[in-house]
Amino acid sequence: MNIVFLGPPGAGKGTQAEKLAHTYSIPHISTGDILREEIKAGTDLGKLAQSYIDDGNLIPDDVAGGIIKNRLQKDDAGGGYILDGFPRTVPQAEMLEKLLEEMGSGLDRVVYLDASPEVIVPRLSGRRVCKQCGKIYHIKNMPSAEEGVCDVCGGETYQRPDDRPEAIRQRFQVYRDKTADLIEWYDKKGLLTRFNADIVKEETFDELKELFDRIEEGNGH
Ligand code: AMP
């Protein structure tokens, strides 16, 4: 099952993709998570990516494409995956299409999680993430038992620099300018399924699960 998750920042792509990947035993491939790992490890890629990410801008298409190319060639991606955060521009979608063609595969579906700014901005500004294991919390809706400490691994939770108000504004602008075009691009190819992600996340998860079950049965439209 090869799936792409699209949608504005804060629509819940990471949270839903993580749960679904676990349910269907396929990897959740997030370019944002990969980049944050590279930053933590202090690699050249991490150094290059840091200022783009902190300011809410996109890293160059060829760099993002290279990351995905490496990742999709790993063994665990052979049985399917959820791509979260890639592609983010039309050139990236074209790169992915070409890469999958070369690999003799293709996408089964593109999930578009649609959410309105009134719902998203408070979601993003209250988000906290574990520095160690990446678990996502929210200061109001899903707080950790002890403030600042991850329930799962005891790591420190923090606010991503790009969840600050100025960076959130910039990420929305980038989404409108570059990523939103992908909705039409994939819709024209007959691959897009839209979900309303303003509702509570459990309901969105149940709806997504129905789609994933249909895809597994070979009827994902
Ligand atoms: P995310 O965790 O998906 O919100 O990604 C965090 C940040 O990583 C983005 O705001 C970008 O700076 C960068 N990033 C992640 N994926 C991509 C991509 N496909 N193309 C360019 N930049 C990306």
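Visitor: How many salt bridges does the count come to?

Guide: The count comes to 15 salt bridges. The rule asks for a side-chain nitrogen of Lys or Arg within 4 Å of a carboxyl oxygen of Asp or Glu. First, the ground rules. This is a predicted model, in which local features need pLDDT of at least 70, side-chain atom pairs need pLDDT 80 or more, and totals for chains, interfaces and linings use all residues. Residues are numbered from 1 along each chain as its sequence is written, and side-chain values use heavy atoms, with hydrogens and water left out.

Start in helix H2, residues 31-41. Helices are DSSP runs of H or I with at least four residues, strands are E runs of at least two, and both are numbered from the N terminus. Lysine 40 and glutamate 37 form a salt bridge, N to O 3.9 Å. They sit three residues apart in H2, which means about one helical turn lies between them. Lysine 40 is exposed, at 52% relative accessible area. Glutamate 37 is partly exposed, at 46%. The classes are simple: buried is under 20% relative accessible area, exposed is over 50%, and partly exposed is in between (1.4 Å probe, protein chains only).

Helix H5 (residues 90-102) has a pair of its own, with lysine 98 and glutamate 102 four residues apart and about one helical turn between them. Their closest N and O atoms are 3.7 Å apart, and they form a salt bridge. Both residues are exposed.

The next pair reaches across the sequence. Glutamate 156 and lysine 131 meet in a salt bridge, N to O 3.7 Å. Glutamate 156 lies in the loop between strands E6 (136-138) and E7 (157-158), lysine 131 in the loop between E5 (127-130) and E6, so the pair ties together parts 25 residues apart in sequence. Glutamate 156 is partly exposed, with 48% relative accessible area. Lysine 131 is partly exposed as well, at 41%.

Some salt bridges share partners. These join Arg127, Arg160, Asp162, Asp163 and Arg171 into one network. Take arginine 171 from that set. This residue lies in helix H7. Arginine 171 is buried, at 11% relative accessibility. Leaving aside neighbours within four places in sequence, arginine 171 is in contact (heavy atoms within 4.5 Å) with Pro9, Gly56, Leu124, Arg127, Arg160, Asp162 and Asp163.

An N or O atom in the side chain of arginine 160 is 3.2 Å from an oxygen atom of the ligand. That is a polar contact, a pair of N or O atoms within 3.5 Å. Glutamine 92 has a polar side-chain atom 2.9 Å from a nitrogen atom of the ligand. A polar backbone atom of isoleucine 59 is 3.1 Å from a nitrogen atom of the ligand. Taken alone, the ligand exposes 490 Å², and the protein buries 95% of that. These areas come from the Shrake-Rupley method with a 1.4 Å probe.

There are 16 residues around the ligand, and Thr31, Arg36, Asn57, Gly85 and Gln92 come nearest. The largest share of the shell, four residues, comes from H2.

The buried residues of H3 (residues 44-54) are Gly46, Ala49, Ile53 and Asp54. They cover an arc of only 115° around the axis, which puts them on the same side of H3. The arc is taken over directions from the helix axis to the C-beta atoms. Their cover includes H2 and helix H7 (165-179). The face turned away from this buried side carries the exposed residues Asp44 and Lys47. Just after H3, glycine 56 takes a positive phi of about 85°. Glycine 56 is one of the contacts of arginine 171.

Finally, look at helix H9 (residues 201-216), where threonine 204 is found. Threonine 204 is buried, at 2% relative accessible area. Not counting residues up to four places away in sequence, threonine 204 touches Gln16, Leu113, Asn196, Ala197 and Ile199. With neighbours within four places in sequence set aside, phenylalanine 205 is in contact with Gln16, Lys19, Leu20 and Thr23. Phenylalanine 205 and threonine 179 are 26 residues apart in sequence and 23 Å apart in space, C-alpha to C-alpha.

Technical notes:
A residue is near a molecule or strand if one of its heavy atoms lies within 4 Å of it. A polar contact is a pair of N or O atoms within 3.5 Å; within protein, one must be able to donate a hydrogen and the other to accept it, and residues adjacent in sequence count only if both atoms are side-chain atoms.
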